[in-house]
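Visitor: Could you walk me through this model, beginning with a single residue and its surroundings?

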Amino acid sequence: MLSFFGRKISLWKLVLLAGDALAFVLAVGAAMLINPKLSDFWSYLANNAAELILVGFTYFGMFYIADLYDYQQDFRRWQYLSRLLCGSIIGTLAIIVLYFFPLGVFIGRIQITIQAGIFTLLVITWRCLFSALALPRRLRRQLLIIGAGKAGRRLLEAIHRRRHSGLEVIGFID
């Protein structure tokens, strides 16, 4: 746990946020390269950096409200994938309402559409990768099996068949 302004924040939440931020930066860059109406990548980025940062914070705020920074969840399940998809769609709608209508000159419809699609795909990919790699580490628990008989050995075999369960048998108590 890290302390930030007197609040304890899990390192895993920061890892999730950093991955989401990287997905957003990659989505913005890819959308600017793909956008046929955008000719000068670097000047667009330099002129609109503050607005793009606000757009990113809008997505992160939506994910926070949707409780998508609960690092103990398995984001590979349909339930959480659908929440990620809904959070991305609602975030995109908020961006349209907050930034496109009042500031339509800086961010166009094509840019929003491409960026939102790429961001959604990257975030879903990132969260699935996070769950696949980090879930066993986050849930690692040492376990003592009570009973060294037949039932205890069957339990040990079942745990060994599921290597990624996060359970580590350290012994038997009989």
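Guide: Thr92 has its place in helix α4 (residues 78-103), where helices are DSSP runs of H or I with at least four residues, strands are runs of E with at least two, and both are numbered from the N terminus. This is a predicted model, in which local features need pLDDT of at least 70, side-chain atom pairs count only at pLDDT 80 or more, and totals for chains, interfaces and linings use all residues. Residues are numbered from 1 along each chain as its sequence is written, and side-chain values use heavy atoms, with hydrogens and water left out.

Visitor: Is Thr92 buried or exposed?

Guide: The classes rest on relative accessible area, with buried under 20%, exposed over 50% and partly exposed in between (1.4 Å probe, protein chains only). Because the relative accessibility of Thr92 is 11%, this residue counts as buried.

Visitor: Which residues is Thr92 in contact with, leaving aside its neighbours within four places in sequence?

Guide: Contact here means heavy atoms within 4.5 Å. With those sequence neighbours left aside, the partners of Thr92 are Tyr59, Ile112 and Ala116.

Visitor: Which residue forms a salt bridge with Arg127?

Guide: A salt bridge requires a side-chain nitrogen of Lys or Arg within 4 Å of a carboxyl oxygen of Asp or Glu, and the closest N and O atoms of the Arg127 pair are 2.6 Å apart, the partner being Asp20. The pair links distant parts of the chain, 107 residues apart, with Arg127 in helix α5 (residues 109-138) and Asp20 in helix α1.

Visitor: In the salt bridge of Arg76 and Asp74, what is the N to O distance?

Guide: Arg76 counts as partly exposed, at 39% relative accessibility, whereas Asp74, at 15%, counts as buried. Their side chains meet in a salt bridge with an N to O distance of 2.8 Å.

Visitor: Which element gives the most to the lining of the largest pocket?

Guide: On a 1 Å grid over the protein atoms alone, a pocket is an open set of points where a 1.4 Å probe fits, with protein on both sides within 12 Å along at least five of seven lines, and lining residues have an atom within 4 Å of a point. The largest pocket has a volume of about 590 Å³, and of its 18 lining residues the closest to its centre are Ile9, Lys13, Leu14, Leu17 and Tyr64. At least two lining residues come from each of β2 (7-9), α1 and α3 (49-65), and the element that gives the most, with four residues, is α3.

How values were computed:
Points joined across faces, edges and corners; volume = space filled by probe spheres on them.
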